[in-house]
Amino acid sequence: MTNKPFNRVHLIVLDSVGIGEAPDAQAFGDVGSDTLGHIAEAVGGLHMPNMAKLGLANIVPVKGLTPSDKPAAYFGKLQEASVGKDTMTGHWEIMGLNIDTPFKVYPEGFPEKLIQQLEEKTGRKVIGNKPASGTEILDELGEEHMETGAIIVYTSADPVLQIAAHEEVIPLEELYQICEIARELTLEPEFLVGRIIARPFLGEKGAFKRTSNRHDYALKPFERTVMNELKDIGKDVIAIGKINDIYNGEGVTKAVRTKDNMDGMDKLVQVAGEEFNGMSFLNLVDFDALYGHRRDPKGYAEALEAFDRRLPEVLDKLSEDDLLIITADHGNDPTFPGTDHTREFVPLLAFSPRFSGGEELELGKTFADIGATIADNFSAPLPKYGKSFLSRFSGQ
């Protein structure tokens, strides 16, 4: 390979696939966490031959995977520099930021002061106000909501406030207005919630079902990201899955919605088959939402293996002008106590058909190394944080 830049960079975030406790794990109560390693142990070994060929097991030992004698990808691991371990913090750091004021999570529910303000400004009572699964909370409180008109407020291990309402009890327009009020209230530093999510549903007791009218009210990144820089120099930035929500549309030239991991892979294969110049950016959320938070190592393992089976479809779409980067945004060890994310290193795999083989990359001290590398490739302004590893590919 010469130093010719790549025309397209495809970035996949395996949401929550951490690879072992970070050096500062103690500060987060996460000593001993190891998402990938503990999943592999729990199921007696993972079968991920395609990721193994790239070099996943060369980064860390993984039960069931054999390290490659000649990894196809450059491989390494990254350490988070920001002070949080949530989705927004991890993703924003990937694109060149360093978050020094953490978003807040509410494992005991939201403060009474916030709930009172929400009730006063919306004219509706609040029920719930606790961490919960979106389906379980409807089974528990859906009937009471329909009888009283009170809004159902709940959260998760992420800095998220979710508001559920039956579309025949509270019209969508009103629910969206309620969420806009909640968005304004939670911009205050004492609350600082990352996202407000409208969760409309329909049906009757025992058969409530969330509708597709979900709407997210996110924060804009606190500063410009590499995505803004790429867009400004005329490059494509294609956001697949929840990427558009995570960045509140900042720096996105095209947003592609997905239903789940497999739909995300379908959409990535489709995008990779199209002509564009810039980056595609995919988040695969099921690992985190369906298996990490729900502490389901078996389901998590099956989802990892399903991703691995789909990976060749993506690789087949790549030319020598493409670079594929695979990483994660935090950990979520399904064998660990509680339901929260875990502070871990994340994997880094960088592959192109033009590579004759890969080598180990030095430990990255920030996820922003990825953003710096992408900016470097497209000759865009470099972020304040992060160190490009693009030069490591020269001579291939």
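This is a predicted model: local features need pLDDT of at least 70, side-chain atom pairs count only at pLDDT 80 or more; totals for chains, interfaces and linings use all residues.

Reader: Ok, and what does UniProt place at residues 8-380?
Author: An unreviewed UniProt entry places the feature "domain: Metalloenzyme" there.

Reader: Let's take Asp288. Buried or exposed?
Author: Asp288 has a relative accessible area of 2%, and buried means under 20%, so Asp288 is buried. You'll find Asp288 in helix α11, residues 286-292.

Reader: And what does Asp288 touch, skipping residues up to four places away in sequence?
Author: Asp15, Ser16, Thr87, Asp158, His293, His330, Asn332 and His341. Notice that His293 and His341 from the annotation are among those contacts.

Reader: Where is His293 found, then?
Author: His293 is in the loop between α11 and α12. His293 counts as buried too, at 16% relative accessibility. Not counting residues up to four places away in sequence, His293 touches Ala157, Asp158, Asp288, Asn332, Thr339 and His341.

Reader: You listed Ser16 as touching Asp288. What is phi of Ser16?
Author: Near 85°, which is a positive value in a residue other than glycine. Ser16 is in the loop between β1 (8-14) and α1, and Ser16 counts as buried at 0% relative accessibility.

Reader: What about Leu192, what's phi there?
Author: Near 40°, again a positive value in a residue other than glycine. Leu192 is in the loop between α7 (172-185) and β6 (195-202). At 11% relative accessibility, Leu192 counts as buried.

Reader: Back to the β1-α1 loop. What's the story with Asp30?
Author: Asp30 lies in that loop between β1 and α1. Asp30 counts as buried, at 3% relative accessibility. Leaving out residues up to four places away in sequence, Asp30 touches Glu21, Ala25, Lys85, Phe336, His341, Thr342 and Arg343. His341 there is one of the residues in the "binding site" annotation.

Reader: New topic: helices. How do α1 and α12 cross?
Author: The axes of α1 (residues 35-42) and α12 come within 9 Å and cross at roughly 105°. Angles from 65 to 115 degrees count as roughly perpendicular, so α1 and α12 are roughly perpendicular to each other.

Reader: Which residues make the contact?
Author: From α1, Thr35, Leu36, Ile39 and Ala42; from α12, Pro297, Tyr300, Ala301 and Leu304. By class, the contact has 7 nonpolar, 1 polar and no charged residues.

Reader: Pick one. What is Met51 in contact with, leaving aside neighbours within four places in sequence?
Author: Leu14, Leu56, Phe307, Asp308, Leu311, Ile326 and Leu349.

Reader: Last one: where is Leu230 found?
Author: In helix α8, residues 226-232. Leu230 is buried, with a relative accessible area of 0%. Leaving aside neighbours within four places in sequence, Leu230 is in contact with Lys235, Val237, Met279, Ile374, Phe378 and Ala380.

Reader: How far apart are the C-alpha atoms of Leu230 and Ser379?
Author: They are separated by 9.0 Å, with the two residues 149 apart along the chain.

Reader: And Glu229, buried or exposed?
Author: Glu229 counts as buried, at 18% relative accessibility. Glu229 is in helix α8 as well, and the residues Glu229 touches, beyond those up to four places away in sequence, are Arg224, Ala380 and Pro381.

Note on methods: Residues are numbered from 1 along each chain as its sequence is written. Side-chain values use heavy atoms; hydrogens and water are left out. Contact means heavy atoms within 4.5 Å. UniProt positions are given in the numbering used here, feature names are shortened, and annotations may be inferred rather than shown by experiment. Axes are lines fitted to C-alpha atoms, for helices over the stretch in contact, and angles run from 0 to 180 degrees between N-to-C directions. Helices (H or I, at least four residues) and strands (E, at least two) are DSSP runs, numbered from the N terminus. Angles under 35 degrees count as roughly parallel, over 145 as roughly antiparallel, 65 to 115 as roughly perpendicular and the rest as oblique. Ala, Val, Leu, Ile, Met, Phe, Trp, Tyr, Cys and Pro count as nonpolar, Asp, Glu, Lys and Arg as charged, and the others, Gly among them, as polar. Buried means under 20% relative accessible area, exposed over 50%, partly exposed in between (1.4 Å probe, protein chains only).
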